[in-house]
Amino acid sequence: MIEAKNVWKSYGKLIANEDVSFRIDEGELVTFLGPNGGGKTTLMRQIYGELKPDKGEIRILGVKPSKALKYMGVVPQEARPLDSVTAEEHVTILGRLKGLPKNEAKKRAIELLEKFKINPKAVVDDLSGGNKRKTLIASVLITDPKIIILDEPTVGLDPESRREVWEYIKEVKKEEKKTIILTTHYLEEAEELSDRVYFLNKKILMEGKVNEIKEKFSEYYEVTNVESGEKYYVKIHEIKDFIAKANFKFEVKLPSLEEIYTKVFEK
Ligand SMILES: Nc1ncnc2c1ncn2[C@@H]1O[C@H](COP(=O)(O)OP(=O)(O)OP(=O)(O)O)[C@@H](O)[C@H]1O
């Protein structure tokens, strides 16, 4: 659905994206995970056509990003909702701006907000931080884009609101069957939401499903004796034997994405 081949982007002498290639299939939720300044926003802006690659190319459903805007709903990093309108008005206005007839925009706005448990009559300014973000996301869903781009959707939110937005994104993916690209520097967010992750720090340092990345990077599984709390570190190729012999109730875990992230970005 989305393909980038050898994309380079610099600001003067500063290279923000270096030879970046990726592929995203329909229905996937793919996260670009990387440190501040790692080039995530620059890459997103090229995907939604606001910047052009210096070298390389991006294709969305086979066409250039500038020709694919109708397929994309974008919530940029700096997006802030209009404060003084109701949630319903907010989503309706965005629908109208995208050319939907008034009645249709209003009907879909109410549907979208109610489905995701936001009171359409609430004034945006009075909503929680999480619900403000959800209203922004609902505002791009109104035209039913195939692809949603969320640049750091939970930055600055408290942990509770962040979880709320995560649940919302999961529902949007499931209920509205969207292809979703998101960027974050929160590992937990990437781990919670993504089908696949690209580690990006100028270049793509690693790519894969969260579990595959964990397996690739883990030398040891952590086995916990559930009753005593005792922990054992078992080498991958010895885990089968260990489990066969274990005469206690246990839990097996791979290392966290956090440990892997640290290894990748320390290189
Ligand atoms: N318009 C610009 N002009 C000059 N330099 C820029 C511009 N936009 C970004 N940069 C620089 O390019 C690099 C990549 O920035 P970018 O915003 O793409 O990273 P990011 O991963 O999204 O970071 P963050 O998580 O902090 O938003 C940074 O060093 C940044 O300072």
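## A first look around

Arg80 sits in the loop between β5 and α2. It is a handy place to begin a tour of this model, which is a predicted one.

**The overall picture**

- The C-alpha trace of the protein spans about 65 × 45 × 30 Å along its principal axes.
- Of the 267 residues in the protein, 38% are buried.
- Taking the contacts between residues at least 6 apart in sequence, 67% join residues that are at least 24 apart.

**Two exposed residues and their distances**

- Arg80 counts as exposed because it has 9 C-beta neighbours inside 10 Å, and a residue is called exposed at 12 or fewer.
- The C-alpha atoms of Arg80 and Ile15 are separated by 28 Å, and these two residues are 65 residues apart along the chain.
- Glu175 belongs to helix α5. With 10 C-beta neighbours inside 10 Å, Glu175 also counts as exposed.
- Between Glu175 and Val75 there are 19 Å in space, C-alpha to C-alpha, for a separation of 100 residues in sequence.

**Helix α4, from end to end**

- The buried residues of α4 include Gly130, Asn131, Lys132, Arg133 and Lys134. Also among them are Leu136, Ile137 and Leu141.

**Where α2 meets α4**

- The axes of α2 and α4 cross at roughly 35° and come within 8 Å.
- The crossing in which α2 passes α4 is right-handed.
- On the α2 side, the contact is made by Ala87, His90, Val91 and Leu94. On the α4 side, Thr135, Ala138, Ser139 and Val140 take part.
- By class, this contact of α2 with α4 has five nonpolar residues, three polar ones and no charged ones.
- Within α2, the buried residues are Ala87, Glu88, His90, Val91, Thr92, Leu94 and Gly95. Both α3 and α4 are included in what covers these buried residues.
- Gly99 follows α2 and has a positive phi, near 95°.

**Helix α1 and the ligand**

- Which residues come nearest to the ligand? Of the 13 residues around the ligand, they are Tyr11, Asn36, Lys40, Thr41 and Thr42.
- Two elements, β2 (14-24) and α1 (40-47), each supply at least two residues of the shell around the ligand.
- With three residues, α1 gives the most to this shell.
- By class, the shell around the ligand has nine polar, three nonpolar and one charged residues.
- Helix α1 is mostly covered, with seven of its eight residues buried. Those buried residues are Lys40, Thr42, Leu43, Met44, Arg45, Gln46 and Ile47.
- After α1 comes Gly49, whose phi is positive, near 80°.

**Positive phi in residues other than glycine**

- Asp19 lies in strand β2. Although Asp19 is not a glycine, its phi is positive, about 55°.
- Is Asp19 exposed or partly exposed? Asp19 counts as partly exposed, because it has 14 C-beta neighbours inside 10 Å.
- Glu152 is found in the loop between β6 and α5. Glu152 has a positive phi too, near 50°, and is a residue other than glycine.
- Glu152 is buried, because 20 other C-beta atoms lie within 10 Å, and a residue is called buried at 20 or more.

Terms used: Residues are numbered from 1 along each chain as its sequence is written. This is a predicted model: local features need pLDDT of at least 70, side-chain atom pairs count only at pLDDT 80 or more; totals for chains, interfaces and linings use all residues. Helices (H or I, at least four residues) and strands (E, at least two) are DSSP runs, numbered from the N terminus. A residue is near a molecule or strand if its C-beta atom, placed from the backbone, lies within 6 Å of it. Ala, Val, Leu, Ile, Met, Phe, Trp, Tyr, Cys and Pro count as nonpolar, Asp, Glu, Lys and Arg as charged, and the others, Gly among them, as polar. Axes are lines fitted to C-alpha atoms, for helices over the stretch in contact, and angles run from 0 to 180 degrees between N-to-C directions. A crossing is left-handed if the near helix is turned anticlockwise from the far one by less than a right angle, and right-handed if clockwise. Two residues are in contact if their C-beta atoms, placed from the backbone, lie within 7 Å.
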